[in-house]
Amino acid sequence: MHEFLSVNRIELIDRCRSKVAQRSAPKATADELEHGIPLFLDQLIKTLRMEQTTEPMRSRKVSGPAGGGKAESELSEIGETAARHGRELLQRGFTIEQVVHDYGDLCQAITDLAFERDAPFETDEFRTLNRCLDNGIAVAVTEFNRQRDSVVADQQAHAINERLGFFAHELRNFLNSATLALTAIRVGDVGLNGATGAVLDRSLVGLRNLIDRSLSDVRLTAGMPPQHRLFSLADFIAEVKHSASLEAKVKGCVLKVSDVDPRLAVDADRDLLFAAVGNLLQNAFKFTKPHTEVTLNAYAADDRILIDVQDNCGGLPTGDVEKMFLPFTHGSKDKTGLGLGLSISRRSVEANEGTLSARDIPESGCVFTIALPRHAMPELSVSRAVA
């Protein structure tokens with residue numbers, strides 16, 4: 001068999017390459033074609049030759065014993081090649097099925113060509129072929145899975161870090177609002193029963209809700225499902241205005257809020273939506289030029305409710321606008337914060353079956369727009385139907 005394989009080596013490799021080329025999945029690279037099956041074929045030939053010598057058991061250093069080795073340090077030459085092959089296939093996006101098919105392609109190519117050339121093989125040679133293929137497949141699959149498990153573990157760690165970042169970001173926002181409200185109350189300009197007191201109340205309630213959500217996230221891999229309910233858009237914007245006005249004052253800018261049609265309603269998770277709009281406003285306060293306006297508009301357009309947050313930052317930086325929504329991304333020289341605000345806002349909006357987009361106004365600023373399904377307050381809808 002080793003003479004047959006040596007003479008027909010190029011033909012066998014070409015047949016394997018032809019099979020690989022027909023895959024609908026990622027195409028094999030030059031490195032894979034050079035160091036994968038071709039190298040395995042050379043080791044198979046070497047094993048078969050050694051088994052024809054007076055010391056046939058030395059071939060086990062090349063092919064490994066039946067059943068393979070017990071540890072990575074015990075890998076045969078075929079095992080080391082197969083391990084590298086498994087790693088390379090994973091890195092190039094192949095599946096575990098394709099790892100197995102690589103070796104199956106060679107086995108089929110040898111069998112087909114032997115039949116076409118009427119080449120007889122000894123039973124022991126077939127056993128050696130099967131042992132080499134078995135060990136190669138086993139090690140390649142094992143290494144593929146080991147590397148994939150490592151990648152999955154890294155992805156899970158990243159997801160955990162992102163959730164912790166979400167928690168820390170929201171925790172800081174609520175604490176900041178509560179601290180600002182408490183400072184204003186201590187000065188004596190406002191009382192607990194006014195809008196500033198409401199900000200303090202809202203922050204404390206938000207802290208409690210944040211902790212509740214975080215504990216739920218530990219128990220539920222998918223996180224806490226949104227708690228949808230119908231509420232007035234006008235009341236919601238009024239609450240956002242009260243919560244954000246103090247921060248606007250501290251940041252040295254003006255918050256301008258347009259009147260909202262009292263008939264409009266939103267069916268959403270109020271806390272998630274409040275966090276989304278709040279993050280957009282905090283982002284606007286952070287980047288708008290001193291003593292300029294940040295505008296909050298809420299209105300209806302066709303079948304959608306639109307909430308716009310517009311600032312006077314001077315325009316968005318050059319580059320892909322979508323990159324601003326990636327976690328831990330800063331869109332300017334100001335690197336304060338975790339770079340999570342816009343990512344959190346988009347996820348919160350999408351959880352409410354909405355979309356969040358950004359639009360640049362060159363040399364002026366930018367507008368972030370939340371779009372949600374349009375609803376109407378029930379009592380107004382009923383009165384209108386009766387009329």
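Student: What makes Phe236 buried?

Tutor: This is a predicted model, and in it Phe236 has a relative accessible area of 0%. Buried means under 20%, so Phe236 gets that label.

Student: And why does Phe274 count as buried?

Tutor: Same test. Phe274 comes out at 9% relative accessibility, and the cut-off is under 20%, so Phe274 counts as buried.

Student: Why is the pair of Phe236 and Phe274 called edge-to-face?

Tutor: Take the distance, then the angle. The ring centres are 6.0 Å apart, and rings pair if their centres lie within 6.5 Å.

Student: What makes Phe126 partly exposed?

Tutor: Phe126 has a relative accessible area of 37%. Buried needs under 20% and exposed needs over 50%, so Phe126 falls in between and is partly exposed.

Student: How do you know that the charged end of Arg270 sits over the ring of Phe231?

Tutor: That charged end is 4.9 Å from the ring centre, and the limit is within 6 Å. The definition also asks for a position within 35 degrees of the ring normal, and Arg270 is listed as sitting over the ring of Phe231.

Student: Why do β2 and β6 stand at the edges?

Tutor: The open sheet has the order β2-β4-β5-β7-β6. β2 and β6 each have a single partner strand, so one side of each is left without a neighbour in the sheet.

Conventions:
Residues are numbered from 1 along each chain as its sequence is written. This is a predicted model: local features need pLDDT of at least 70, side-chain atom pairs count only at pLDDT 80 or more; totals for chains, interfaces and linings use all residues. Side-chain values use heavy atoms; hydrogens and water are left out. Two strands pair if DSSP finds at least two bridges between them. Helices (H or I, at least four residues) and strands (E, at least two) are DSSP runs, numbered from the N terminus. Buried means under 20% relative accessible area, exposed over 50%, partly exposed in between (1.4 Å probe, protein chains only). Rings of Phe, Tyr and Trp (its six-membered ring) pair if their centres lie within 6.5 Å; planes under 30 degrees apart count as stacked, over 60 as edge-to-face and the rest as tilted.
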